[in-house]
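Trainee: Please go through the interface and the aromatic pairs with me.

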Amino acid sequence: MFNRNIEEENRIYAGLFDEVKMRQTSDDLKGVSNKAFLGTVELAPRSISFERLASLEGEDFLTGVFFALFQRLPDQKEKEAFKGMDKESILRSLVNKGSFSIRKMEIKDCPYENVKPGIKGKTMGLASSVSSSTALRKLAKKMPAGIQGKIRKLFR
Amino acid sequence: MKIYIDVSMIMIGTKFTGIPRVTMELAKRFYERKFDLVLIEYDVKKDKYRIIDTEGFIEFCKDKKGSRNKLRTDRYISFDGFEKDAVFFDVDTVWKTRVRRSFLYPKLKEKEVKIIPFIHDIIGIDFPQFCQTDDVMNFVDYIGAALNFADRIAVNSNATADTIKDLAKRLGAKEPNIDVALLGGDFKKTCDKDSEENGNLSETVKKIVESGIYIYMVGTVEPRKNHKLLLDAYENILHEKINLVIVGFAGQGMEDLIGRIENNPKYQKGLWYLNGANDDELDYLYKHTFALTFPSYAEGYGLPLMEAMIRRVPIIASDTPINREVAKDRALYFEKDDWKEFSDIVLNLLNDEKAYKDLCGKTKDYVPPTWEDTASDVIKTFEAVYRGQ
C-alpha cells in the first residue's frame with residue numbers, strides 16, 4: 001500500500017521552486033508565490049478542479065489559473081489586461097481563449113454558472129488537430145522567427 | 001519485463017538529436033533484447049495514453065523518415081490502467097508534455113508500477129537563467145515528482161548524479177538511489193563514414209573548409225552554450241589568425257546573437273554560421289577542423305566532446321565537472337567566462353606545433369561506450385529495483 005505524505009511532497013516542490021526563483025535573473029518568477037505554484041501541482045492534463053485554485057487571490061490567482069490551464073505564465077500584456085478583474089471575469093475570459101479549447105480543458109467544481117467557451121473558443125478548438133501535425137510543425141519551424149512567435153501565440 | 005516509455009514528444013518532434021536520440025537508441029535496444037516494450041503517447045481527445053506501434057516506431061528510429069501517424073494504434077491505456085510491477089521508464093523530454101508528472105507518478109505508485117526517470121541534467125534548477133521560464137516551471141514539477149516518487153533514478157554521468165544528490169541535500173530530501181549509464185557513441189559507424197563520398201555536402205560547407213583553418217562549435221544556439229565567449233574571442237583577437245564555424249539550430253530569443261554573427265564584416269568569409277547541417281556535413285566539418293571548441297556553462301552530457309574524440313579531433317573546452325568527466329585529460333580547459341584565456345590557448349596551439357601535436361595525440365586511444373553498454377547499464381537499474389534496492 002502506497003502511503004503518501006502530502007506535506008513532505010509539497011515541501012519538496014516548494015523548495016525546488018524557491019531554488020529556481022533564487023537563481024532566476026529575469027523578473028518572470030519573482031511575483032509568483034509558492035502557493036500559486038503548489039496550486040497547480042498534481043493537476044490532471046484536461047480537467048482542472050477549481051477548488052485547488054479557489055484560495056488564491058489577486059495576481060496569485062491569475063498566475064495559478066494560467067499555469068493550471070496552459071502550463072505557462074501570463075506575459076506582461078496579459079497581466080495588464082487582467083489587472084483588477086475578479087476571479088469570475090478572469091475565468092470567463094480565459095475559457096474563451098483559443099488555447100483553452102485547443103487543449104480541451106474543463107473546469108470542475110466551478111462556483112460560477114456556465115463557465116464555458118463561446119463560439120470563438122469552440123471554433124479555435126477545431127484547430128487542435130493542427131497543433132499535433134508534424135508536417136505543419138516542420139513547416140512552421142522554417143518560418144522567420146517573428147512569424148514563428150505569432151504562430152506559437154495562437155496555440156498558447 | 002514490461003517497459004512503458006512515453007514518446008509523446010518524439011511523435012510530434014522535428015529534431016532527433018540530444019534527448020530524443022537517447023530515447024530512440026534505448027528503445028531500439030530494449031526491443032532487440034525482446035523486452036515487452038510499450039510505447040505511449042498522450043491523446044488529448046481521449047485524455048488517455050494511446051499505444052504506439054512498437055515495431056513501426058523502431059523502424060522510424062532508424063532513418064527518422066515516414067509518417068508517424070501510421071504508428072498510432074486504436075488501443076489506449078488510462079492513467080489508472082498501467083500494469084503492476086511494470087517499469088515506467090521516463091527518459092524523454094517528458095516535462096514538456098501535457099501530463100504533469102506530479103499527477104502521473106502517484107497514480108503509477110498506487111498501481112505498484114516501478115518509476116524510473118532517466119534524468120539528463122538539472123540545468124533547469126541549477127541554471128534557470130538559461131532556460132525559458134515556462135519550461136523551468138514544468139521542469140520543477142517533473143524533478144519534484146522524481147524526488148518524491150521515483151523508485152530509482154538513472155543518469156548519464158557522475159556529474160549529473162552529484163548535482164541531484166547535492167540538490168536533495170539542500171532540500172533536506174532523502175538521497176535518491178542513482179545509477180550512472182554513460183551515453184554511447186557510434187564509433188564504427190563514425191569511423192567508417194566517408195562524408196565526402198556520400199554526395200550530401202552543400203557548397204557552403206565545402207567553401208567553409210576551403211576558406212582556411214577553423215575552430216568548430218556545434219550545438220543548439222542558446223545562452224548556456226556560451227557562443228558569446230567565442231564571438232568575443234574572435235572579434236577581439238582570433239579573427240586575424242583563424243576562422244570560426246558555428247553550427248546549430250537557433251533557440252528561442254537568440255536573434256541578437258545571430259544578428260551579431262551576421263553583421264560581422266567577416267561573416268561568410270572567416271566567420272560562419274549554419275542553422276543546421278546533415279550528418280555528412282557535421283562529420284565533414286569535424287574531420288577538417290583545427291579543433292572543436294565547447295565553451296558551455298552547463299551541459300547534461302556533452303555529446304560533441306565524444307563525437308570529437310571518436311574522430312580524433314583536438315578539443316578546447318570550458319572547465320566544468322561534466323566536461324572533465326567526459327573528456328578527462330584529452331582536452332585543454334579554460335575558465336568559462338575568460339575569452340582571453342581561450343584565445344591564448346588557441347594562439348599557443350597555432351604557434352607551437354609540438355603542443356598541437358600533443359593535443360591531437362590525446363584522443364588517439366579513445367574508445368567510447370556503446371549504446372549497447374548504455375542499455376545494459378539501464379537494465380541493471382531496472383533489475384536493482386526488482387531486487388528491492
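This is a predicted model: local features need pLDDT of at least 70, side-chain atom pairs count only at pLDDT 80 or more; totals for chains, interfaces and linings use all residues.

Mentor: Residues are numbered from 1 along each chain as its sequence is written, chains are lettered from A in the order in which they are written, and side-chain values use heavy atoms, with hydrogens and water left out.

Trainee: What area do chain B and chain A bury between them?

Mentor: Contact means heavy atoms within 4.5 Å, and 46 residues of chain B are in contact with 45 residues of chain A. Buried area is the accessible area (1.4 Å probe) that two parts lose on being put together, summed over both. Carbon and sulfur atoms carry 59% of it here, and the total is about 4,000 Å².

Trainee: Which residue of chain A forms a salt bridge with B:R170?

Mentor: The rule asks for a side-chain nitrogen of Lys or Arg within 4 Å of a carboxyl oxygen of Asp or Glu. It finds 1 salt bridge across the interface of chain B and chain A. With the closest N and O atoms 2.8 Å apart, the partner of B:R170 is A:E19.

Trainee: Which helix gives the most to the side of chain B that touches chain A?

Mentor: Helices are DSSP runs (H or I, at least four residues), and strands are runs of E of at least two, numbered from the N terminus. Those supplying at least two residues each include α4 (101-110), α6 (133-149) and α7 (158-171) of chain B. With 13 residues, the one that gives the most is α6(B).

Trainee: How are the rings of B:F79 and B:F103 arranged?

Mentor: Rings of Phe, Tyr and Trp (its six-membered ring) pair if their centres lie within 6.5 Å; planes under 30 degrees apart count as stacked, over 60 as edge-to-face and the rest as tilted. B:F79 lies in the loop between β4 (72-77) and β5 (87-90), and B:F103 lies in helix α4, 24 residues apart. At 5.0 Å centre to centre and 90 degrees between the planes, this pair is edge-to-face.

Trainee: Is B:F290, which pairs with B:Y356, buried or exposed?

Mentor: The two rings are stacked, 4.2 Å centre to centre with 10 degrees between the planes. Buried means under 20% relative accessible area, exposed over 50%, partly exposed in between (1.4 Å probe, protein chains only). Because its relative accessibility is 10%, B:F290 counts as buried.
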